[in-house]
Amino acid sequence: MSGRVLVGVKRVIDYAVKIRVKPDHSGVVTDGVKHSMNPFCEIAVEEAVKLKEKKLIKEVVAVSCGPQQVQETIRTALAMGADRGIHVEVSGKDYDNMGPLQVSKIMAALAKKEEAQLVILGKQAIDDDCNQTGQMTAALLDWPQGTFASEVTLEGDKVKVVREIDGGLETIKINTPAVVTADLRLNTPRYATLPNIMKAKKKKIANVKPADLGVDMASRVEVLRVDEPPQRQAGMKVETVEDLVGKLKEAGRI
Amino acid sequence: MKSKSPVPLQLIGDLSLSLGSKIYFRELLALPIGKSLGLCLSGCRSLTQLAELPEMHQMLRQTCRDYADRELTPIAAKLDKEHSFPAKQIQELGAMGVLAMEVPDGLGGAGMDYLAYSLAVEEISRGCASTGVVVSVNNSLYIGPILKFGTEEQKKQWITPFTTGEKVGCFALSEPGNGSDAGAASTIARQEGDEWVLNGTKAWITNSWDASATVVFATTDKSLKHKGISAFLIPMPYPGLSLGKKEDKLGIRASSTANIILEDCRIPLGNMLGPRGAGFKIAMQTLDSGRIGIAAQALGIAQAALDCAADYAHKRTAFGAPIGKMQAIQFKLADMALAIESARLLTWKAAILRDAKKPFTKEAAMAKLAASEAATYCSHQSIQILGGMGYVTDMPAERHYRDARITEIYEGTSEIQRLVIANQILKEYQP
């Protein structure tokens with residue numbers, strides 16, 4: 001086994017920022033807004049680095065798709081302990097329309113090219129909440145997948161994944177190479193140490209274009225309009241159950 | 001500045017490449033500040049780069065800010081109320097390398113520069129001012145002099161264990177009888193065979209109750225006055241060294257402050273730091289750098305006060321609109337932001353000069369003076385903007401007000417800073 005793990009990291013608007021819709025309703029305001037690494041991607045990087053520290057894998061490669069700015073996100077992954085980075089250059093309209101389908105095609109191509117043993121991704125991104133990239137990547141590669149992982153254990157050429165599902169916890173064992181997506185309780189991401197921040201400067205980030213990987217960035221989805229969620233209406237207090245039923249009937253709810 | 005004609009604008013680009021160039025702020029303001037001018041030469045940085053920090057410094061700043069937001073801000077009020085030392089957080093910061101930022105990798109430190117250090121202390125202090133002072137004292141006042149004046153053996157023994165956050169150090173210069181008048185040290189060290197015997201009392205020592213070692217200044221030759229003071233290293237706890245009661249302070253309450261009492265404290269001769277009689281010089285040079293750390297701490301407090309006030313100005317409504325729409329509030333916010341940004345640039349300048357091994361005494365004193373006065377000003381105005389809410393513990397404004405006050409006093413009072421600056425100016429203008 002190559003001992004190489006590919007980790008996808010996405011640059012998203014920071015979770016603490018108040019999102020504003022653009023006046024033309026074509027999307028949300030991103031200019032001048034604070035961006036950071038998707039929290040689930042941080043968890044994915046942490047898991048990969050942990051595996052390397054346990055000497056179960058040899059190399060962690062951080063991948064991000066987007067314009068020049070995503071290099072900051074890759075550097076953060078390098079500062080957390082990834083060995084090298086790959087920046088897949090996507091900009092302009094291609095970037096605006098980029099979604100899980102395009103990213104999973106890119107990840108699949110890179111996983112084959114890098115002969116990855118494992119691909120670890122965040123379960124979903126906090127901007128689009130798609131929860132599709134991991135699953136699509138596995139399908140394109142015809143690899144097994146362990147999604148919503150709250151525990152990952154390498155056992156020889158298999159991976160034991162404990163998944164958080166609606167009913168509780170499900171434990172599966174899958175062959176490698178495989179795709180795993182990280183859920184919230186998988187680990188607590190580390191703060192980059194200062195020496196690692198300094199070392200990150202020297203680590204390599206390779207530049208690649210989607211065309212080099214044979215990936216067509218054309219989107220099958222067209223965004224028609226983006227609106228804010230409706231304003232929360234004030235509630236109403238009622239005295240008795242009869243009042244409650246009456247009001248619900250009035251509002252046409254029952 | 002020595003009298004020199006202002007530099008023509010078109011030469012600024014070239015000048016930023018040469019060491020020793022003097023660039024005037026009025027030229028800097030006229031420049032189209034952009035990446036094209038941000039040439040970063042390893043080891044030599046110019047003022048044109050103050051407009052945008054190098055990538056590594058931005059990452060470091062963001063990391064410290066994230067840490068402060070998530071781990072310090074939520075507990076700062078509790079630490080203050082209970083006067084409790086943030087041991088867990090200091091360990092975590094140690095693991096990150098923040099407690100020994102300038103110390104080379106070989107001795108266990110982060111091997112970074114002073115600009116990085118001032119960014120780190122500012123962000124940490126923004127979360128919790130007490131944690132900020134613990135970090136600053138360990139870096140600048142304890143490790144600083146040992147790194148500069150210690151032997152290789154002393155560095156290994158007294159620095160390496162203090163880089164991880166497991167142990168912190170302190171700096172004992174002030175006495176009950178003299179603070180600003182540091183030359184009048186009445187703590188005596190006399191040689192007896194192969195030992196130094198120290199007697200005396202040191203006052204107002206930050207970190208004292210939590211420290212595992214201290215740098216102490218004592219008179220070895222009374223006749224030589226301030227040239228007869230020497231520096232010593234003493235582990236803590238240690239026979240002959242005891243601590244006074246923990247002071248009940250107005251602010252920075254999570255950091256301990258107490259007297260250190262030396263009664264026939266016997267230490268090996270090898271515990272002297274630097275040459276005999278060099279103590280005063282060591283103390284003054286150490287404080288020069290320490291001032292940059294305290295300026296950074298004051299900036300953090302001032303920034304936290306502004307953050308609190310600006311947020312409140314958006315949310316609080318009065319007379320039918322958010323109070324941020326009113327000129328009186330706007331003028332306050334503008335003045336606060338101006339005070340902070342000016343002090344911040346002074347702090348960065350002092351750090352950059354120090355990193356370039358240029359004289360920085362005047363700039364460090366200016367930075368500390370500007371930043372501490374900005375901290376007291378901003379925290380005062382922050383309470384004013386919050387009105388009644390600023391006076392209660394529900395909001396952090398009152399804690400910033402109490403934390404800010406000490407920054408004008410320790411590591412050189414504002415009055416001493418003015419004397420230092422005036423001294424430097426008079427030297428520059430010496431006919």
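A:Pro177 sits in the loop of chain A that runs between β9 (168–175) and β10 (178–182); helices (H or I, at least four residues) and strands (E, at least two) are DSSP runs, numbered from the N terminus. The peptide bond that joins A:Thr176 and A:Pro177 is cis, with omega about 0°. This is a predicted model, in which local features need pLDDT of at least 70 and side-chain atom pairs count only at pLDDT 80 or more, while totals for chains, interfaces and linings use all residues. Residues are numbered from 1 along each chain as its sequence is written, chains are lettered from A and ligands numbered from 1 in the order in which they are written, and side-chain values use heavy atoms, with hydrogens and water left out.

Chain B also has a cis peptide bond, from B:Met236 to B:Pro237, with omega near -5°. B:Pro237 is in the loop between β5 (229–235) and β6 (241–243) of chain B. Most residues other than glycine have a negative phi, and most peptide bonds are trans. A:His25 is not a glycine, yet its phi is positive, about 60°. It lies in the loop of chain A between β2 (11–13) and β3 (35–37). A:His25 counts as partly exposed because its relative accessibility is 24%; buried means under 20% relative accessible area, exposed over 50%, and partly exposed in between (1.4 Å probe, protein chains only).

UniProt lists residues 25–217 of chain A, in an unreviewed entry, as "domain: Electron transfer flavoprotein alpha/beta-subunit N-terminal"; UniProt positions are given in the numbering used here, feature names are shortened, and annotations may be inferred rather than shown by experiment. That span of chain A is 32% helix and 30% strand, and its end C-alpha atoms are 23 Å apart.

Where the chains meet, 13 residues of chain A are in contact with 19 residues of chain B, contact meaning heavy atoms within 4.5 Å. The area buried between chain A and chain B is about 1400 Å², and carbon and sulfur atoms give 68% of that area. Buried area is the accessible area (1.4 Å probe) that two parts lose on being put together, summed over both. Of the area that chain A buries against chain B, 48% comes from A:Tyr191, A:Leu194 and A:Ile197, more than from any other three residues.

β2(B) and β3(B) run antiparallel and are joined by five bridges; two strands pair if DSSP finds at least two bridges between them. B:Glu192 stands opposite B:Glu195 in β3(B). Two residues lie between the strands of this hairpin, where B:Gly193 takes a positive phi near 70°. B:Gly193 is exposed because its relative accessible area is 60%.

β3(B) also pairs with β7(B), in the antiparallel sense and over nine bridges. Here B:Lys202 has B:Ile260 in β7(B) as its bridge partner. Strand β7 of chain B, residues 257–268, includes B:Ile267. Because its relative accessibility is 0%, B:Ile267 counts as buried. Leaving aside residues up to four places away in sequence, B:Ile267 touches several residues, among them B:Trp196, B:Phe232 and B:Tyr238.

The UniProt record, as an unreviewed entry, gives residues 55–166 of chain B as "domain: Acyl-CoA dehydrogenase/oxidase N-terminal". Helix α5 (residues 114–127) of chain B has 14 residues, which should span 20 Å at 1.5 Å a residue, and its end C-alpha atoms are 20 Å apart, in agreement; the expected span is 1.5 Å times one less than the number of residues. α5(B) is largely enclosed by the rest of the structure, because 13 of its 14 residues are buried.

For residues 277–425 of chain B, UniProt lists "domain: Acyl-CoA dehydrogenase/oxidase C-terminal" (unreviewed entry). Those residues are 76% helix and 3% strand. Helix α8 (residues 279–315) of chain B reaches 53 Å from first C-alpha to last, close to the 54 Å expected for its 37 residues. α8(B) bends by about 25° at B:Ser289, the bend being the angle between axes fitted to the seven residues ending there and the seven starting there. α8(B) is mostly covered, with 28 of its 37 residues buried.
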